[in-house]
Amino acid sequence: MIELIVYGIVLGSIISLGAIGLTLIYGIVRFANFSHGDLMSAGAYVALFMVTGVLSWIGVPATTFGPLSFGWRMVIAFPVSMLAVAGVAILFDQILYRKLRQKGSGVVIFAMSSLGAAFILRMIILILWGADSLFYKPGLMRPALQLPMGIKIRPDQILILFVVFILIGLLHLFLQNTKMGKAMRATADNMELALVSGINTEKIIIWTWGIGGAMAAAGGILYGIDVQLHPYMGWNFLIPLFAATILGTIGNMYGALVGGLVIGVAQQVSTAFLMPTYKPAVAFIIMILILLFRPKGIFGENSK
Amino acid sequence: MELGGIVAYIVALAITAGIYAIFCLGLNIQWGYTGLFNIGIAGFFCIGAYASAMITTPKPTGIYAQYVHQLFGLNLPFVFGLLGAALICGIIAFLIGIPTLRLGEDYLAISTLGIAETFRLIFNNEKWLANGARGLMGIPQPLQGLVDPRHYNYIYLIIVVFIMIIVYLLIERAVRSPWGRVLRAIREDEVSAAMSGKDIFNFKMQSFVFGAMIMGLGGALYAHATRAISPEVFTPLYGTFIIWVMLMAGGSGNNKGAILGAYVIWGIWIGTKFMTDLLPFTLKARAPYIRFLLIGILLEVILLYRPQGLLGEEKKVSKLIE
């Protein structure tokens, strides 16, 4: 059971990376981005393209670091993929959502447009890589480390937690200390007030998509390292992402972090009683319970 | 292909498009007239199909019972299958509506998406319920003995079109009534509708349940058309996304548009199959993805450049004013 909780924290930290971007976009651009899961897939596959394609072609050695399952190729591919997916998210904003904003379309039209974007991304992945599961490094999994209390954990998983910790720490420093970060928080708090204080909301929206896309890409790659790559991986993350976002109160980055961890642990612990394929359903049930009893999430003031 | 083959092909296409048209009509009540954002159509599609299949087939006995598991099999006529599918979908819509219809639009969308995925998982994993991933086969078709089985599709086309017209007339009548005007008032401005003393939650619930029942009908018609169903059919792509594209293309808030959109988009969908058949052999396995990519791009183009669809919303006023 303790082991499942540890695995749940690993899964939850990956969910958190997606949910933080989703909640920022929800708070600032103000719609439910249904393409967020597929941005995670896109990140994983861009990294795959780098690791097995570009980087092997230019001759970066395939050696791995000690007990880890990856090496220099992944170290280079990781930031490149984050930047690429940030670019994809900004591109979608510029060619789709910015035009809808100019036309003054309703919130639901944005959500529908993002649903279309999700399908477009997934179809591109399916066209390029096919429908099978893929791995960054085929072959046997590295042996797990034995920790006290009978917990088995792979070195990769410890590194995943470390990377998530660093990324969220950096984002926290960015939001608290930079001018852009403060402007983003101000916009998430009150759009009208931000506008009258002279904040350029279009610029903030671009930054939000960039950060959201990059975080999603990181989540996708880490899941790919931990488990596998699959074209539907992002779609299967979508319900846990929304559950984490709603649990942690929409627009609240720290709430999304907590929400992601709660959902991740709940999903892993559920495998002790249920088939693992039911994981998305577990996230869904939790979400319905939150909607019934605390629709504003754990960090929202209950006006109802 | 000889002429007879072409006609049979077109009849089969017209049946599928007609079933999709019924889904579009159901979605049109929810989205077109009330503004409810349901992206879990596949869930109602799935439930409708399985409900009707299990109502109309007998429970397997003897040696079959070892291979085919199903919770119940009532062996009732086709009409009971249709009614049962609609009823069960209505009940499920009611249950989903309770926690979500009071909240914002996005919550309903996420919840319907969740319910559709959950149902697909349940039917896929729980073998005792409806034979798990292998699905159900041998679903009976109405009026089967009437003609040569080779020409049976003509009969089924008539049944589908007949039900489509009844649903169309029913919805037309409903949306022209005072009830329909309240729905549109809620869609346009919830606050002012509430200020006019309308119980928003109740009207939304009625619209959601009504639309879901029609989707259940569509699911039932699908089960009897293909005679075999399995969970993999009810994916977000075939079960939800394409129906949204159909309604947006035809014109939401317009029932003629809903039907037109279903036939036009299904025509385009089949047309792209002929296009991808020209692709080199190596790409053929991935042809469906290319076709769905085109449909996705089509949706974005519609949303950006023609959000009202082909027909646009029809102005509906009371016939007493006309």
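Of the 304 residues in chain A, 53% count as buried. Keep in mind that this is a predicted model.

Let me stay with chain A for its overall build. Its secondary structure comes to 11 helices and 2 strands. What order do they take along the sequence? The pattern reads α-α-α-α-β-β-α-α-α-α-α-α-α.

Next, dimensions. Along the principal axes, the C-alpha atoms of chain A fill a box of roughly 55 × 45 × 35 Å. The radius of gyration is 19 Å. Does that agree or disagree with a compact globule? It agrees, because a compact globule of 304 residues would have a radius of gyration near 19 Å.

Now contacts. Take those in chain A with a separation of 6 or more. Residues 24 or more positions apart account for 77% of them.

One residue in chain A deserves a stop: A:Thr249. Its phi is near 70°. That is a positive value, and the residue is not a glycine. Where does A:Thr249 sit? It is in the loop between helix H9, residues 233-247, and helix H10, residues 253-270. Is A:Thr249 buried or exposed? It counts as buried, because it has 23 C-beta neighbours inside 10 Å, and the cut-off for buried is 20 or more.

Over to chain B. Here the residue with a positive phi is B:Asn131, at about 65°. Again, this is not a glycine. B:Asn131 lies in the loop between H6 and helix H7, the latter spanning 152-176. B:Asn131 has 21 C-beta neighbours inside 10 Å, so it counts as buried.

Step back into helix H6 itself. In chain B this helix covers residues 127-130, and B:Leu129 is found in it.

What does B:Leu129 touch? Leaving out residues up to four places away in sequence, the list is B:Leu71, B:Ile122 and B:Phe123. Look at B:Leu71 in particular. B:Leu71 and B:Leu129 are 58 residues apart along the chain. Their C-alpha atoms are separated by 4.8 Å.

A:Thr249 is buried, in the loop between H9 and H10 of chain A. B:Asn131 is buried, in the loop between H6 and H7 of chain B.

Conventions
Residues numbered from 1 in each chain as written. Chains lettered and ligands numbered in written order. Predicted model: local features only at pLDDT ≥ 70, side-chain atom pairs only at ≥ 80, totals over all residues. Helix = DSSP H or I, 4+ residues; strand = E, 2+ residues; numbered from the N terminus. Contact = placed C-beta atoms within 7 Å. Rg over C-alpha atoms; globule rule 2.2 N^0.38 Å. Buried ≥ 20, exposed ≤ 12 C-beta atoms within 10 Å, placed from the backbone.
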